[in-house]
Amino acid sequence: MKDNKSPGVDGIPPKLLLEIVEQISIPLVTVFNLSLEEGIVPLEWKEANVIPLFKKGSRNKSENYRPLSLTSVICKLLERLIKDHLVDFLVKNKLINPSQHGFLKARSCLTNMLCFLEDVTKWVDEGSPVDIIYLDFKKACDKMPHQRLLLKLKAHGIGMV
């Protein structure tokens, strides 16, 4: 956990958790296990402070900002533990396709691109026809109907602050 991140609605910064890790680890394990066993996430963990994060361009235009949700650091910790265990399980049981590069250690967009380039080079060398389609999802979320998304989140009991 990085200690320089901002706290969520609960106001608990990661630095505090790191400083009291020995005192808080057993109570956190108890809360995490209870949450997983009962399938219930505390409401406080679902809340977020949404702040604008500047992307680029003029600071006077709202489209040059993206929303950033500051959620509970404790909930992020639980999410990270679940993700790590899930990925470990998938890797150990060879349930992830070798072409998958996201969320895996020592793999990235760069390694994905290099593997792709190697495949295309091999096909071209063999004389096989190669067609490539590029999709740019950079502005995909800008086109999303945000009000409809918020209504759907509320309908599923996901609170927004």
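**Close-up views of a predicted model**

View 1. Val120 touches Val130 and Ile132, with residues up to four places away in sequence not counted. Val120 lies in helix H5. Is Val120 buried or exposed? Val120 counts as buried because its relative accessibility is 12%, under the 20% limit. Asp3 sits 117 residues from Val120 along the chain. The C-alpha atoms of Val120 and Asp3 are separated by 42 Å.

View 2. Leu114 belongs to helix H5, residues 109-125. Leu114 has a relative accessible area of 46%, so this residue is partly exposed. That value falls between the limits of 20% for buried and 50% for exposed.

**View 3. The largest nonpolar core.** Eight residues form this core. They are Leu17, Leu28, Phe32, Trp45, Val73, Ile74, Cys75 and Leu78. Helix H2 (21-38) supplies at least two of the core residues, and helix H4 (73-92) likewise supplies at least two. Which helix gives the largest share of this core? H4 does, with four residues.

**View 4. Leu28 and its contacts.** Leu28 is one of the residues of the largest nonpolar core. With neighbours within four places in sequence set aside, Leu28 is in contact with Ile74 and Leu77. Ile74 is also listed in the core.

Definitions and conventions: Residues numbered from 1 in each chain as written. Predicted model: local features only at pLDDT ≥ 70, side-chain atom pairs only at ≥ 80, totals over all residues. Heavy atoms only, no water. Core = buried A, V, L, I, M, F, W, Y, C linked by side-chain atoms within 4.5 Å. Buried < 20%, exposed > 50% of the residue type's maximum accessible area, 1.4 Å probe, protein only. Contact = heavy atoms within 4.5 Å.
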